[in-house]
Amino acid sequence: MKLHLMFLVGLLAGQTASGGDPDHGGANDGQAATHHGHHDSAHGAGNRAVGQPGHPDRIDRSIAVIASDTMRYDPPEITVRPGETIRFEVKNDGKLRHEFTIGDATEQRTHAEMMKRDPDMVHNDPNTITVEPGVAKTLVWQFGEAGELEIGCHVPGHYEAGMVARVRVVAANNSHQ
Ligand SMILES: [Cu+2]
């Protein structure tokens with residue numbers, strides 16, 4: 001019985017490894033299983049669960065976001081699907097500079113610490129854009145696994161003042177919670 005279960009788990013793991021790529025034929029199944037863990041190699045763009053920069057030609061949906069000097073994003077809560085590529089159109093409606101950083105809570109904290117040390121630092125991380133007053137910028141992001149993420153502004157004091165939007169990454173049949 002135990003062996004049987006382990007076999008099942010192994011099967012599921014194999015499916016996950018080759019999942020998301022419809023071109024993966026049966027001939028590659030054995031290989032896919034041995035390539036387990038290749039996602040873990042660091043690309044410098046955050047962890048796999050959070051996602052990765054999206055391809056501009058493969059946008060599933062565009063979402064307009066307003067950043068304002070009241071230290072809020074509108075909308076304050078965004079729901080996306082695992083693997084979905086979103087084109088965020090971020091407009092800074094205020095008179096202050098604002099940021100738009102996608103990440104999990106840990107990344108938001110790390111980012112906040114960096115900004116404290118060097119408040120004027122300008123980021124070229126793929127998960128961050130800096131938006132000057134009156135300007136609109138876009139960020140294309142492909143989300144990873146289901147989970148809870150945040151969009152945060154790390155201009156000093158802003159995140160602490162509540163400049164954060166919740167991002168829920170949920171599969172389609174879980175979206176009405
Ligand atoms: Cu801000």
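Pro75 sits in the loop between S3 and strand S4 (77-80). Helices (H or I, at least four residues) and strands (E, at least two) are DSSP runs, numbered from the N terminus. A cis peptide bond joins Asp74 to Pro75, with omega at about 5°.

The model is predicted: local features need pLDDT of at least 70, side-chain atom pairs count only at pLDDT 80 or more, and totals for chains, interfaces and linings use all residues. Residues are numbered from 1 along each chain as its sequence is written. The average pLDDT of the chain is 78, and 70% of the residues score at least 70. Here pLDDT is the predictor's confidence in each residue, from 0 to 100. Residues 1-46 stay under 50, and for them the model has 22 contacts beyond four places in sequence. Two residues are in contact if their C-beta atoms, placed from the backbone, lie within 7 Å.

The chain holds three helices and ten strands. Along the sequence they follow the pattern α-α-β-β-β-β-β-β-α-β-β-β-β. Among contacts between residues at least 6 apart in sequence, 73% join residues at least 24 apart.

Start with the sheet that contains S3. This open sheet has five strands in the order S1-S8-S5-S2-S3, and its pairing is mixed. Two strands pair if DSSP finds at least two bridges between them. Strand S1 (51-53) and strand S3 (72-74) are at the edges, each with a single partner strand, so one side of each has no neighbour in the sheet. From one strand to the next, the twist averages 30°. Axes are lines fitted to C-alpha atoms, for helices over the stretch in contact, and angles run from 0 to 180 degrees between N-to-C directions. S1 and strand S8 (residues 136-143) run antiparallel, joined by three bridges. Pro53 stands opposite Trp141 in S8.

One loop of this sheet deserves a look. Met71 lies between strand S2 (61-68) and S3. Met71 is not a glycine, yet its phi is positive, at about 65°. Because Met71 has 19 C-beta neighbours inside 10 Å, it counts as partly exposed. A residue is buried if 20 or more other C-beta atoms lie within 10 Å of its own, exposed if 12 or fewer, and partly exposed in between, with C-beta atoms placed from the backbone. Buried residues make up 24% of the 177 residues in the chain.

S6 and S9 run antiparallel and share three bridges. Gly103 stands opposite Glu150 in S9.

Now turn to the helix. H3 (residues 105-117) has 13 residues. It spans 19 Å from its first C-alpha to its last, close to the 18 Å expected at 1.5 Å a residue. That expected span is 1.5 Å times one less than the number of residues. Glu107, Gln108, His111 and Met115 are buried in H3. Seen down the axis of H3, these buried residues fall within an arc of 100°, so they line one face of the helix. The arc is that of the directions from the helix axis to the C-beta atoms. The buried residues of H3 pack against strand S6 (98-103) and strand S9 (147-152). On the other side of H3, Ala105, Thr106, Thr110, Glu113, Lys116 and Arg117 are exposed.
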